[in-house]
Amino acid sequence: MMHRSPFPRDLYAELAHLQREMQQAFEVSPSIRGQARGYPAMNVGGTPRSVDIYAFVPGIDPATLDVQIEKGVLTVAGERRVADIPEKATVHIDERAVGSFRRVVTLPDDIDPNAVEAKYRDGVLHIGIARKEAAQPRRITIQ
Amino acid sequence: MNNETADIANPADSARNEAALLPPVDVIEDANGITLYADLPGVPKDRLSLHVEDGKLSIEGELALDMPEGMEATHAEVSLPRYRRVFTLSKELDADKVSAEFDQGVLKLRIPKVAHLQPRKVEIRVA
């Protein structure tokens with residue numbers, strides 16, 4: 001026997017379902033922590049010699065950025081201003097982040113907080129922190 | 001038939017289908033035109049491409065981060081190597097006169113309105 005729903009299907013629910021299916025099929029899998037990631041976006045990576053942090057802070061004066069390392073925690077803070085909107089103008093889309101921001105990254109234990117290099121290029125702040133000598137892999141000669 | 005195969009093989013088309021990040025934008029319109037700002041951090045000037053075709057404006061940029069050799073990513077929020085966004089322009093905008101500035105990952109585009117559609121002050125003569 002065929003089961004028939006007593007109610008017609010809700011078109012909007014169907015569409016929402018379809019949209020979810022599409023997202024699963026085509027988009028990059030979303031993060032388990034959701035999409036609200038805060039500003040600025042950050043990438044973290046490393047090599048046996050260094051830990052590399054990239055903060056995506058476009059159009060900012062690097063002198064106004066505040067970067068600190070304290071007790072194994074890296075903080076990037078600053079303020080972002082956007083151009084003033086002229087009088088009698090209409091804002092159609094307003095998506096870019098504005099205002100003060102602050103993000104914190106816990107660093108691994110083996111970093112050397114005195115060997116830090118920070119560069120700002122193309123709107124990306126790259127912080128490279130060397131790992132301590134002792135922590136770097138060493139080849140042991142067999143006698 | 002042959003034309004269709006050529007289109008599929010076109011590298012520009014295949015690039016258009018690759019996954020890309022959507023850059024955030026601000027779009028502001030005043031009496032003389034539209035100003036668009038887009039955030040494309042990590043894109044050097046020579047990897048940014050802007051196209052106006054069939055009344056569509058497309059913004060595309062490829063990321064180039066200086067990564068040390070052998071780096072392994074442990075956490076990535078910017079997880080794709082390119083940005084892409086397409087806008088449909090309206091007829092009153094003059095696509096031939098788009099001007100662009102790109103500095104530290106921020107693109108500023110100015111699209112003026114067609115000259116004869118810009119506001120003009122009409123003088124009223126009193127007889």
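**A sheet and its surroundings**

Mentor: Let's start with chain B, which runs α-α-β-β-β-β-β-β-β-β along its sequence. That comes to 2 helices and 8 strands, where helices (H or I, at least four residues) and strands (E, at least two) are DSSP runs, numbered from the N terminus. Keep in mind that this is a predicted model: local features need pLDDT of at least 70 and side-chain atom pairs count only at pLDDT 80 or more, while totals for chains, interfaces and linings use all residues. Residues are numbered from 1 along each chain as its sequence is written, and chains are lettered from A and ligands numbered from 1 in the order in which they are written.

Now for the sheet. Its 5 strands lie in the order S7(A)-S8(A)-S2(A)-S1(A)-S5(B), with antiparallel pairing, and the sheet is open. Two strands pair if DSSP finds at least two bridges between them. At the edges you find S7 of chain A and S5 of chain B, each pairing on one side only. On average, neighbouring strands here are turned by 20° against each other, direction ignored (axes are lines fitted to C-alpha atoms, for helices over the stretch in contact, and angles run from 0 to 180 degrees between N-to-C directions). As background, strands of a sheet pair through backbone hydrogen bonds, either parallel or antiparallel.

Zoom in on S8(A), residues 124-131. On one side, S7(A), residues 111-121, pairs with S8(A) in the antiparallel sense over 7 bridges. These two strands make a hairpin with 2 residues between them, and A:Asp122 in the turn has a positive phi of about 50°. Along this pairing, A:Lys119 sits opposite A:His126, and A:Ile111 sits opposite A:Arg131. S2(A) also pairs with S8(A), again antiparallel and over 7 bridges, and there A:His126 has A:Tyr54 standing opposite. S8(A) has 7 of its 8 residues buried, so the rest of the structure largely encloses this strand. A residue is buried if 20 or more other C-beta atoms lie within 10 Å of its own, exposed if 12 or fewer, and partly exposed in between, with C-beta atoms placed from the backbone.

Compare that with A:Pro48, in the loop between S1 (41-46) and S2 (50-56) of chain A. A:Pro48 counts as exposed because its C-beta neighbours inside 10 Å number 11. Leaving aside neighbours within four places in sequence, A:Pro48 is in contact with A:Gln136 and A:Pro137 (C-beta atoms, placed from the backbone, within 7 Å). A:Gln136 is 88 residues away in sequence, yet the C-alpha atoms of A:Pro48 and A:Gln136 are 6.2 Å apart.

Next, the inside. In soluble globular proteins, nonpolar side chains tend to be buried together. A nonpolar core is a set of buried Ala, Val, Leu, Ile, Met, Phe, Trp, Tyr and Cys residues joined through C-beta atoms within 7 Å. The largest one here has 35 residues, and those touching the most other members are A:Ile53, A:Tyr54, A:Ala55, B:Ala38 and B:Leu107. Elements giving two or more residues include S1, S2 and S8 of chain A, and S2 and S8 (106-112) of chain B. S2(A) provides the largest share, 5 residues. Beyond four places in sequence, B:Ala38 is in contact with B:Pro23, B:Val25, B:Ile59, B:Arg85 and B:Leu107.

Finally, look at how the chains meet. The contact takes 35 residues from chain B and 32 from chain A. On chain B's side, S1(B) gives the most, with 6 residues. That side has 20 nonpolar, 7 polar and 8 charged residues; Ala, Val, Leu, Ile, Met, Phe, Trp, Tyr, Cys and Pro count as nonpolar, Asp, Glu, Lys and Arg as charged, and the others, Gly among them, as polar. S1(B) also pairs with S5(A), residues 90-94, antiparallel over 4 bridges, and there B:Asp26 is the bridge partner of A:Asp94.

How values were computed. Contact = placed C-beta atoms within 7 Å.
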